[in-house]
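Here are my notes on the model you sent. They are set out as numbered points, for reading beside the structure.

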Amino acid sequence: MKAVALLSGGLDSVVSMLLAAQDAEIILALTIDYGQKARINELRASRNITSHYGIPHQVIELPFMSKLSSDLTEPGADEIINPWVPNRNGLFLNLAAALAEDLEAGLVVCGFNREEADNFPDNSRGFIEAVNQAMIYSTRNGVRAVSYVLDMDKVEIIEAASSLGIDFRMLWSCYQDGNRPCGKCPSCLKNLQAFRKAGIDYCEDFIY
């Protein structure tokens with residue numbers, strides 16, 4: 001089975017992609033530049049990861065999304081209080097599905113997981129099932145979205161990453177830009193707590 005992976009360069013999407021690579025051929029990793037503040041670091045991380053693992057990589061720009069209401073794209077937002085981006089995951093999955101169909105791939109791999117689904121319904125199993133129902137009609141080859149970390153929390157994802165031998169220093173999960181993670185945004189706080197619970201050494205300069 002061939003697959004297209006949605007890759008942000010962060011923990012969840014990287015682990016899901018590499019777990020999927022054990023079952024499928026990842027013919028393309030797709031990174032979306034939608035005007036997010038962390039885009040430079042996300043793009044760099046994604047390029048480094050795909051280069052390291054020998055996976056073809058493509059960046060697609062969606063500049064209109066920077067005008068949508070979200071702290072992830074608002075330049076003046078020093079604190080990330082509202083990380084929701086309207087229909088972001090729905091749009092990304094459909095974009096990846098279009099490329100997958102064109103490339104004769106049957107899967108779109110994403111990094112949705114149980115912990116994120118608690119706050120973001122578009123990370124849930126129900127959402128993936130609904131999207132897959134729609135794709136029966138919208139793709140001729142019946143592209144399906146899958147997440148190999150769907151039933152995991154952050155601790156379990158970190159443990160999976162460790163077992164895969166992932167270099168955590170290559171990742172970027174922070175919502176902010178800058179030379180190092182902010183340590184304050186929701187993503188940083190969740191990951192930092194999870195690394196501590198997992199009992200795995202982490203590098204504060206790069207991956208919390």
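Predicted model: local features only at pLDDT ≥ 70, side-chain atom pairs only at ≥ 80, totals over all residues.

1. Residues are numbered from 1 along each chain as its sequence is written, and side-chain values use heavy atoms, with hydrogens and water left out.

2. Two packed helices are described by the angle between their axes and the distance between the axes. Helices (H or I, at least four residues) and strands (E, at least two) are DSSP runs numbered from the N terminus. Axes are lines fitted to C-alpha atoms, for helices over the stretch in contact, with angles from 0 to 180 degrees between N-to-C directions.

3. Helix α1 (residues 11-20) and helix α6 (residues 154-164) have axes that come within 10 Å and cross at roughly 50°. That makes α1 oblique to α6 (under 35 degrees counts as roughly parallel, over 145 as roughly antiparallel, 65 to 115 as roughly perpendicular, the rest as oblique). The crossing is left-handed, meaning that the near helix is turned anticlockwise from the far one by less than a right angle; clockwise would be right-handed.

4. In this pair, L11, D12, V15, L18 and L19 of α1 meet K154, I157, I158, A160, A161 and L164 of α6 (contact means heavy atoms within 4.5 Å). The contact residues of α1 with α6 comprise nine nonpolar, no polar and two charged. Here Ala, Val, Leu, Ile, Met, Phe, Trp, Tyr, Cys and Pro count as nonpolar, Asp, Glu, Lys and Arg as charged, and the others, Gly among them, as polar.

5. α6 also packs against α7, at about 65° with the axes 8 Å apart; the two are therefore roughly perpendicular to each other. α6 passes α7 in a right-handed crossing. K154, V155, I158 and E159 in α6 touch N191, A194, F195, K197 and A198 in α7. The contact of α6 with α7 has five nonpolar, one polar and three charged residues.

6. For α3 and helix α5 (residues 125-138), the angle is about 40° and the axes lie 11 Å apart. That makes α3 oblique to α5.

7. What is the volume of the largest cavity? About 750 Å³ of space lies in it, and the structure holds one cavity of 30 Å³ or more. A cavity is a set of points on a 1 Å grid over the protein atoms alone where a 1.4 Å probe fits but cannot get out; lining residues have an atom within 4 Å of a point.

8. The largest cavity has 39 lining residues, with S8, D12, R88, N89 and Y175 nearest its centre. α1, β2 (25-33), α3 (88-102) and α7 (186-198) each supply at least two lining residues.

Methods:
1 Å grid on protein atoms, 1.4 Å probe; cavity = no way out; pocket = protein on both sides within 12 Å on 5 of 7 lines; lining within 4 Å. Points joined across faces, edges and corners; volume = space filled by probe spheres on them.
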